[in-house]
Amino acid sequence: MAFALLFGSRKLTKKKSEITKAAHVQVSDGIQETLENIREIRATYQEDRFLKALNDKIDYHESTMLKGELATGIFVNGASVIMRLGVATTILTGAKLILSGQIDFMQLFMFLLVITRVYAPFDQALALIAEMFMSQISASRLMEIYDTKTAEGKESFAPQGHDIVFDNASFSYDEQEVLHGVSFTAREGEVTALVGPSGSGKSTCARLAARLWDISNGTIKVGGIDISSIDPETLLTDYAMVFQDVVLFDDTVMENIRLGKHGATDEEVKAAAEAANCGEFVSKLPQGYDTPIGENGAKLSGGERQRISIARALLKNAPIVLLDEATASLDVENETKVQEALSRLLTGKTVLVIAHRMRTVEAADKIIVLADGRVAEEGSPDELLADEGSIFRRMTQLQAASAGWSI
Ligand code: ADP
């Protein structure tokens, strides 16, 4: 009966444990998010709000833990009590048998001795079974990692040129489809600009072009080869990415740039840095190229960090460049320098750019306007501007009327 109770309660304790685990993950994610964004939180006076949200998560975790422990405690101890009732029943029955003269006291004593010995391992088994249920939940979470499909493919990649062709590509994050049958071509030697309102799928397209995820339908080809058949690491050797969230390491300027090309000489690194307009600010740093730049480049400005990532890309000299422009934190002087650095990087490459600046959009060879995960318009800037009813023309006019350009 005790074991039946324990197994019967399994569903409930499992559910409670799952809730507790989920609350635990929320707390660790919350702490990580707060630590990662501490500067922005301080700068925007959001400390109280973030701390309150974190405290709420901790309180919720505490209450789920209490409830979980209570449920487990009640059932495990309940099962244990039922087992011990067996001993009590034996004593009562034994006493009755002594009174009726069927057994003597020594017989009952021996019987009790044996029975308590037999019960001890059962008692332990109860506790262990309860622990086993708990471990099963952790194990099933681990199995999810094993079940996650990893991207695989051939380790040789010999494309015919580097045109990127999206053919009816659809993609979902979790259940939600965010790209619906997207088709376009980004040609080698041209700059293809992805524009469209926030959330229309520009970043997703750029990341899919490098197989950071696999699409659910359609194909993406580079130089005629379906990228889903190529090993991601092999594929990435042909890509340079300059995204908004530049990742820099707590190392020197030199080493941060050298990440672009394994084994590059100091001279190569410096040449790339000069071409990316890093030379001037690096010469003002106390130890020049050997100056540590702090965690994620904390000692550098936004424009400087971006130029370091452009230098990395220049050093890599890959045939495909994926670029996410950022207007934030760049003053006019910085913007011009970043722009100069970029034009050196982009020459002759297949360039797919998530465009935010009017200059880039105007200079692009082709514009792809995305809306709600679909290609709404496609053409050269002049063609799209000439079309009176185009979204692009309307966005350009809106931009011209407002102070900051952001599309
Ligand atoms: P854009 O770059 O044009 O602003 P995105 O490609 O970032 O658009 O986003 C397209 C859609 O996908 C949006 O609805 C966005 O909410 C969703 N999305 C983006 N990244 C994720 C993610 N990591 N998980 C779930 N949904 C996401």
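In the structure, which is a predicted model, Asn37 counts as partly exposed, with a relative accessibility of 30%. Asn37 is placed in the loop between H2 and helix H3 (38–43). In sequence, Asn37 and Thr265 are 228 residues apart. In space, the C-alpha atoms of Asn37 and Thr265 are 35 Å apart.

Leu322 lies in strand E7 and counts as buried, because its relative accessibility is 0% and the cut-off for a buried residue is under 20%. Leu322 and Met241 are 81 residues apart in sequence, while their C-alpha atoms are 4.8 Å apart. Ala169 belongs to strand E1 (residues 164–173) and is buried, at 1% relative accessibility. Between Ala169 and Ile215 there are 46 residues of separation in sequence and 6.6 Å in space, C-alpha to C-alpha. Val282, which lies in helix H10, is buried as well, with a relative accessible area of 1%. For Val282 and Asp214, 68 residues apart along the chain, the C-alpha atoms are separated by 39 Å.

The packing of two helices was then described. Helix H4 covers residues 47–99 and helix H5 covers residues 105–147. The angle at which H4 and H5 pack is about 170°, and their axes are 10 Å apart. An angle over 145 degrees counts as roughly antiparallel, and H4 and H5 are therefore roughly antiparallel to each other. Sorted by class, the residues in the contact of H4 with H5 are 17 nonpolar, five polar and two charged.

The largest cavity holds about 80 Å³ of space. Its lining is made up of 13 residues, and those closest to the centre of the cavity are Thr13, Thr72, Ala130, Phe133 and Met134. Helix H2 (10–36), H4 and H5 are the elements that give two or more residues to this lining. By class, the lining of the largest cavity has seven nonpolar, four polar and two charged residues.

Open space was considered next. The volume of the second largest pocket is about 430 Å³. This pocket is lined by 16 residues, and Ala240, Met241, Val242, Arg312 and Lys316 lie nearest its centre. Two or more residues of the lining come from each of strand E6 (239–242) and H11. The lining of the second largest pocket divides into eleven nonpolar, two polar and three charged residues. Met241, one of the residues nearest the centre of this pocket, is also the residue whose C-alpha atom is 4.8 Å from that of Leu322.

Backbone geometry was noted at two asparagines. Asn277 has a positive phi of about 60°, although Asn277 is not a glycine. The position of Asn277 is in the loop between helix H9 (266–275) and helix H10 (279–284). Asn277 counts as buried, because its relative accessibility is 16% and the cut-off is under 20%. Asn317, likewise not a glycine, has a positive phi of about 50°. The loop that holds Asn317 runs between helix H11 (302–316) and strand E7 (320–324). Helix H11 is also one of the elements that line the second largest pocket, and strand E7 is the strand in which Leu322 lies.

Finally, the cysteines were considered. The search of the whole structure finds zero disulfides. Cys205 is buried, with a relative accessible area of 0%. Cys278 is buried too, and its relative accessible area is 0%.

Conventions:
Residues numbered from 1 in each chain as written. Predicted model: local features only at pLDDT ≥ 70, side-chain atom pairs only at ≥ 80, totals over all residues. Heavy atoms only, no water. Axes fitted to C-alpha atoms, helices over the stretch in contact; angles between N-to-C directions. Helix = DSSP H or I, 4+ residues; strand = E, 2+ residues; numbered from the N terminus. Parallel < 35°, antiparallel > 145°, perpendicular 65-115°, else oblique. Nonpolar A, V, L, I, M, F, W, Y, C, P; charged D, E, K, R; others polar. 1 Å grid on protein atoms, 1.4 Å probe; cavity = no way out; pocket = protein on both sides within 12 Å on 5 of 7 lines; lining within 4 Å. Points joined across faces, edges and corners; volume = space filled by probe spheres on them. Buried < 20%, exposed > 50% of the residue type's maximum accessible area, 1.4 Å probe, protein only. Disulfide = S-S within 2.5 Å.
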